[in-house]
Amino acid sequence: MSILLPALRNTQKTLQVYWLLVRITVPIAVATELMTRLGVIEAVAPGFAPVMQVFGLPPELGLAWLTAMLVGIWGAVPLLFTLVPASSLSIADVTVFSALILFAHGLPIEQKIIQKAGPGMIATTLLRIMGGLLYAFLLHRLLAATGWLSAPVEPVWVPMSATQGWLDYLTSLGQTMLWMLVILLVLSWGLEFLKVSGILDLMMKALSPFLSLAGIRGEAGHLTAVGLFLGISYGAGLLIREAQSGHIAPRQIFLSCVFMGFAHSVIEDTLLVISLGADVHGVLTGRLVFALCATAAIAILLRRLSDTSFFRRLFRHADTALERA
């Protein structure tokens with residue numbers, strides 16, 4: 001019974017999250033299909049062309065990228081193969097697009113959580129978006145120069161694809177939402193197993209030496225690892241508590257939130273985009289290396305920034321934080 005109770009609670013939370021995703025995803029997906037059939041997507045796609053062209057991506061994917069930033073990864077996933085057929089995309093295309101949405105997604109919600117821990121919302125939001133753009137650009141240039149991952153994409157799971165009639169479309173949408181539920185449950189149960197078995201704690205301890213290279217140390221490193229594996233809601237949520245208690249220095253909180261903005265929820269999100277056909281090294285290995293290097297560079301810049309400038313421009317709780325510094 002001691003095992004069943006946490007499992008039931010975990011399933012209940014997952015179903016609550018799923019219902020929220022349904023209420024967000026279904027209207028967006030239907031509206032997108034309607035706009036596609038009316039020619040609106042074809043009309044606005046050129047507006048995204050300059051940005052998407054930088055990454056070698058079809059301009060239509062700009063809408064999915066925008067949806068990811070405003071709504072979240074799960075809001076963008078059903079649009080991917082609706083806007084652009086899978087047959088016209090390479091593994092490199094899906095990997096680069098996945099990199100874009102892995103860095104910056106669900107910004108209104110996630111950045112509000114980060115803001116409550118102390119870091120300024122504008123600064124950390126810009127860092128996430130610019131970090132994603134820079135990493136996706138470097139990844140695209142590498143793949144274009146080497147020809148690596150140029151083969152046609154072969155997704156394990158195709159959320160949705162273009163269909164002829166509304167009945168076919170709604171059937172496909174229903175199937176997508178059903179698979180979304182299955183994937184969410186499997187991932188949530190898998191994470192619960194990692195926590196209960198103690199494997200997650202071992203993974204966090206193994207990560208701490210690498211985080212110290214990025215300037216994140218002590219308890220901040222542990223909480224950053226929580227965010228890395230479980231997501232910003234967990235990692236930054238714990239940081240809010242620690243920020244209020246004063247146990248972690250403001251600059252460490254800021255660096256922790258910056259790193260989590262670059263790399264978080266790496267188990268769930270990575271498995272999701274890999275199922276779409278993305279390459280694991282492009283969306284996980286390279287992303288982690290970039291997150292460590294970029295955060296280390298920001299840590300060096302922070303050391304040169306005076307307390308006055310730091311608390312005025314980058315951290316909200318200036319008065320309280322100055323007393324703790």
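**Buried helices, salt bridges and loops in a predicted model**

Colleague: Twelve of the 13 residues of α12 are buried, so this helix is largely enclosed by the rest of the structure. Which residues of α12 are buried?

Modeller: This is a predicted model, in which local features need pLDDT of at least 70 and side-chain atom pairs count only at pLDDT 80 or more, while totals for chains, interfaces and linings use all residues. Residues are numbered from 1 along each chain as its sequence is written, and side-chain values use heavy atoms, with hydrogens and water left out. Buried means under 20% relative accessible area, exposed means over 50%, and partly exposed lies in between (1.4 Å probe, protein chains only), whereas helices are DSSP runs of H or I with at least four residues, numbered from the N terminus as are strands (E, at least two). On these terms, the buried residues of α12 are P250, Q252, I253, F254, L255, S256, C257, V258, F259, M260, G261 and F262.

Colleague: What span does α12 reach from its first C-alpha to its last?

Modeller: The expected span of a helix is 1.5 Å times one less than its number of residues. For the 13 residues of α12 this expectation is 18 Å, and the model comes close to it, with a reach of 19 Å.

Colleague: How far apart are the closest N and O atoms of R251 and D307?

Modeller: R251 lies in α12 (residues 250–262) and D307 in α15 (residues 307–313), so the pair ties together parts that are 56 residues apart in sequence. R251 counts as partly exposed at 22% relative accessibility, and D307 also counts as partly exposed, at 34%. The two form a salt bridge, that is, a side-chain nitrogen of Lys or Arg within 4 Å of a carboxyl oxygen of Asp or Glu, and their closest N and O atoms are apart by 2.6 Å.

Colleague: By this rule the count comes to two salt bridges. Which residue forms a salt bridge with E110?

Modeller: Side chains of opposite charge can pair when their charged atoms come close. E110 sits in helix α6 (residues 107–117) and its partner in helix α7 (residues 121–146), 18 residues apart, so that distant parts of the chain are linked. Both members of the pair are buried. With the closest N and O atoms 3.0 Å apart, the partner of E110 is R128.

Colleague: At which residue does helix α9 bend?

Modeller: The bend at a residue is the angle between axes fitted to the seven residues ending there and the seven starting there. In α9 (residues 199–213) a proline, P209, follows the bend within four residues, and the helix is itself followed by G215, whose phi is positive, near 90 degrees. The buried residues L200, M204, L207 and L211 belong to α9, and the bend, of about 35 degrees, is at L207.

Colleague: Which residues make the nonpolar surface patch?

Modeller: Patches are made of residues with over 30% relative accessible area and no salt bridge, like charges being joined within 9 Å and nonpolar side chains (Val, Leu, Ile, Met, Phe, Trp, Tyr) within 5 Å, and accessible areas come from the Shrake-Rupley method with a 1.4 Å probe, only the protein chains shown counting as cover for residues. One member is L34, found in helix α1, which counts as partly exposed at 41% relative accessibility. The nonpolar patch, of about 530 Å², is made by L34, L38, V40, V44, W166 and L170.

Colleague: Where is S265, whose phi is positive?

Modeller: Most residues other than glycine have a negative phi. S265 is placed in the loop between α12 and α13 (266–275).

Colleague: How far apart in space are V266 and L230, C-alpha to C-alpha?

Modeller: V266 is found in helix α13 and is buried, with a relative accessible area of 8%. V266 and L230 are 36 residues apart in sequence, but their C-alpha atoms are apart in space by 7.4 Å.
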